[in-house]
Structure formats: structure tokens, C-alpha cells
Amino acid sequence: MKQMFETTQITVRSNKIASPIKIVQISDLHDALYGEAQIGLRDAIQAQSPDWIAVTGDLFNRKKPKACRNAFALIEAAVKIAPVYVVEGNHEVALGEIGEQYLSETERRGAAVLRDERTALLGLNVIGLRQRAERDTLRAMIDPERFNLVLCHRPELFSTYAGVGADLILCGHAHGGQVRIGQRAIYAPQQGMFPRYTSGLYEAEGTRMFVSRGLGDTVIWPRIRNPHELNVIELLPDSES
């Protein structure tokens, strides 16, 4: 059972935001457990009073295909706090038919799973991408009149998604680089050694991307100077507008 995680908060301002919106982001749980029935995570989420909750992939763990109880416990707790929106990660895809069943079960528990789909939410255009979505897929769902918030899993695709009208992308996958020396990460999936996108806020071509360090692990070696985290994103009106 995992017992420790940080709550990391960022603020993003935009003249497309009319009033404050608070989002809790959960990423890369991999069926980890934080207290009985996820009480540790539940209480931390509830304390934030979020307007909605984003789950940016890898609720489940392809290395433990029968492990789903803890992920479902988190969804069951989260939907009682605020609306929950989920996108797939590489582990759901790797699980194949089981992964699709798990995502369907996630929907039956009250969360919305976005599969290259968009939805209007509190004045936002929220876009949920499959883990290998193309640039044109995202472009087709952009609403130039609204703040476009994209949920996806893989940060190494930032150059693919930047510059087509997304205002903010929330993702995970990199696990913070697993081991960090100062601000430098050592390794991340699909990025290899000394990866570029592992934790925090990045910006390119008018698009910002926030990468969560995530709440779970799939490797045997421990994280070093890289604690698990729950993320809180506050969207605020631009004070200069």
C-alpha cells in the first residue's frame, strides 16, 4: 500500500476564462492503493473541492492484468465528489480486450471516458485524446471561441499537439523520470535517457502542457527525489484583460 504523495498546485491564466475553475488531475495510478477504499486520495481530492476531476491514463497496470479493485475504488469515490473525465493510457491499450472492459466498467461507475471526443464543461472545450491520436484529430476538435483543455497521456507528443489551438494539455506517463538529480530526470518511457518532458509546466507555440509525476509505478526500482503526486490546476481569468 502506498501512503505518501504530494499535492502539487499550478495556476493558469487566460482571457478565455470567465471565472475560476479548479481541476484535480489523477494520472498513472496503476491500481495503487492509498488507504482502505482509497481514503487517502479521496480525502485529498475532497479537500480541494474541485469543479471536476481529470484522469489522464493508466488507471490500470498491464503487468497485473487482473488488478482493478483499487482503480475502481478511486473512481467510485471520485464521482461522489465531482464529475470525472477519463482518457486511456498505454496500459489500457496494452491490456487489449481487458483494458476496454475496464474502461467500460469505469463508465458504468459514473465517469465519462473520452475517446477522441470533446465536451463542453463550465465554459471550457474539453478534449480527450486516445494515446496515439494524430495532430489533425486534435485540430478538428478545437473551438477557437473557448479555452481548449486537452486530456491525453503521453507528453512526448507535445510537438505534435502544440500550435493547433490547444490552450492547456494535461498528461502523465513519464512518472517524473523515475530518478531525479536536481531538476534533471534520468529516464522516461518513449523518451529514453534524460527525457525532456517529465514534470511540471512546459510551453511551446502558444500551447501549455502540464505533466503529472503520477501516483503509481510499474518498475521494481524506487523513485528517487521524485515523489508521487496529486495535481490541482486552477484556471483563472487573465488579470490584465
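Mentor: One definition before we start: two strands pair if DSSP finds at least two bridges between them. Also, this is a predicted model.
Trainee: OK. How many bridges join strand 1 to strand 16?
Mentor: 9 bridges join them. Strand 16 covers residues 229–237.
Trainee: Do they run parallel or antiparallel?
Mentor: Strand 1 and strand 16 run parallel.
Trainee: What stands opposite Thr 7?
Mentor: Leu 230, in strand 16.
Trainee: What is the strand order in that sheet?
Mentor: The order is 1-16-2-3-4-5. It is an open sheet of 6 strands, and the pairing is mixed.
Trainee: Which are the edge strands?
Mentor: Strand 1 (6–14) and strand 5 (112–113). Each of these pairs on one side only.
Trainee: Zooming out. How many helices and strands are in the chain?
Mentor: The chain has 6 helices and 16 strands.
Trainee: What share of the residues is buried?
Mentor: Buried residues are 56% of the 241.
Trainee: And what about contacts between residues 24 or more positions apart?
Mentor: They account for 68% of the contacts with a separation of 6 or more.
Trainee: New topic, charges. How many positive and negative side chains?
Mentor: 28 positive and 29 negative. The centres of the two sets lie 5 Å apart.

How values were computed:
Residues numbered from 1 in each chain as written. Predicted model: local features only at pLDDT ≥ 70, side-chain atom pairs only at ≥ 80, totals over all residues. Heavy atoms only, no water. Helix = DSSP H or I, 4+ residues; strand = E, 2+ residues; numbered from the N terminus. Buried < 20%, exposed > 50% of the residue type's maximum accessible area, 1.4 Å probe, protein only. Contact = heavy atoms within 4.5 Å. Lys, Arg positive; Asp, Glu negative; His and termini not counted. Charge placed at Lys NZ, Arg CZ, Asp CG, Glu CD.
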